[in-house]
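Work through the exercises below with the coordinates open. Each task is followed by a stepwise solution.

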Amino acid sequence: MSDDCIKVSELYNLEETIAAELFGGVEYPWEVLPRIHDFILELGNRLPKDIFEERGENIWVARSARVAPSACLNGPLIVDEDAEIRHCAFVRGSAIVGKGAVVGNSTELKNVILFNKVQVPHYNYVGDSILGYKSHMGAGSITSNVKSDKTLVVVKGEGIRLETGLKKMGAMLGDNVEVGCNSVLNPGTVIGRNTNIYPTSMVRGVVPPGSIYKKCTEITPKRQ
């Protein structure tokens, strides 16, 4: 397996995020994780005021977005147009929620970029992760962003071993990835575009694009 499938250019359509410029000159998506906080502060201060309003310190929410009164929002945060933040969602900060994205009940976000049309609608934890255009995490599925032994995260796949230098890294989901209910995406997981993860899966490492993941020993290409 070539590492080309886990590069930004192969995982994401950058036209589908307000954060496109953050990825400039970056080869692998996890390289932007330490920069999200400062990027939001810089971008937020130049967002058009006719489209975005400030709803607290370093919190910019599009006027067309819907935010439940019970949601807890912490900055820095950008919520793009037509996004929906539902009942009891908890945004801890350093988050970009894309156009038309859904952050559901009791979902927690921390240091993440959700591209446009992403859905994390039911009881999800998404930390130190990047979710591509129209990716979806089923109810109860989560990203695990710290190894149990607290060592630095390494991205591993068939013929791939890349040191990230990061203690915290969750999952990189390419465009149109479907994650089944109650799945756990372990630290350093990278899932290629158009891949489906079976419910209740325990996923680690690189999953090729256009695949169906049943278990680590059973990953099959989708039928064309």
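Contact means heavy atoms within 4.5 Å. The model is predicted.

**Exercise 1. Decide whether Lys7 is buried or exposed, and list what Lys7 touches beyond four places in sequence.**

Step 1. Locate the residue. Lys7 sits in the segment before helix H1 (8-11).
Step 2. Check the area. The relative accessible area of Lys7 is 18%. Buried means under 20%, so Lys7 is buried.
Step 3. Collect the contacts. Leaving out residues up to four places away in sequence, Lys7 touches Glu27, Tyr28 and Pro29.

**Exercise 2. Find how strand E12 (residues 125-131) is paired and how far it is enclosed.**

Step 1. Take the E10 side. Strand E10 (residues 108-114) runs parallel to E12, and six bridges join them. Here Leu114 stands opposite Leu131.
Step 2. Take the E17 side. Strand E17 (residues 171-173) also pairs with E12 in the parallel sense, over two bridges. Leu131 stands opposite Leu173 there.
Step 3. Count burial. Seven of the seven residues of E12 are buried, so the strand is largely enclosed by the rest of the structure.
Step 4. The contacts of Ile113 include Ser129, Ile130 and Leu131.

**Exercise 3. Work out which residues of helix H2 (residues 36-44) are buried, and what covers them.**

Step 1. List them. Ile36, Phe39, Ile40, Leu43 and Gly44 are buried.
Step 2. Look down the axis. The buried residues of H2 fall within an arc of 120°, so they line one face of the helix.
Step 3. Identify the cover. It includes strand E2 (59-62), strand E5 (77-79), strand E8 (95-97) and E10.

**Exercise 4. Classify the ring pairs Tyr12 makes with Phe23 and with Phe115.**

Step 1. Search the whole structure. Four aromatic pairs turn up.
Step 2. Classify Tyr12 and Phe23. Their ring centres lie 6.2 Å apart and their planes meet at 45°, so this pair is tilted. Both residues belong to the loop between H1 and H2, eleven residues apart.
Step 3. Classify Tyr12 and Phe115. The centres are 4.9 Å apart and the planes are at 25°, so this pair is stacked. Phe115 lies in the loop between E10 and strand E11 (119-122), 103 residues from Tyr12.
Step 4. Check burial. Tyr12 is buried at 3% relative accessible area, and Phe115 is buried at 0%. Phe23 is buried too.
Step 5. Tyr12, Phe23 and Phe115 form one aromatic cluster.

Definitions and conventions
Residues numbered from 1 in each chain as written. Predicted model: local features only at pLDDT ≥ 70, side-chain atom pairs only at ≥ 80, totals over all residues. Heavy atoms only, no water. Buried < 20%, exposed > 50% of the residue type's maximum accessible area, 1.4 Å probe, protein only. Helix = DSSP H or I, 4+ residues; strand = E, 2+ residues; numbered from the N terminus. Pairing = 2+ DSSP bridges. Arc of directions from axis to C-beta. Phe/Tyr/Trp six-rings, centres within 6.5 Å; stacked < 30°, edge-to-face > 60°.
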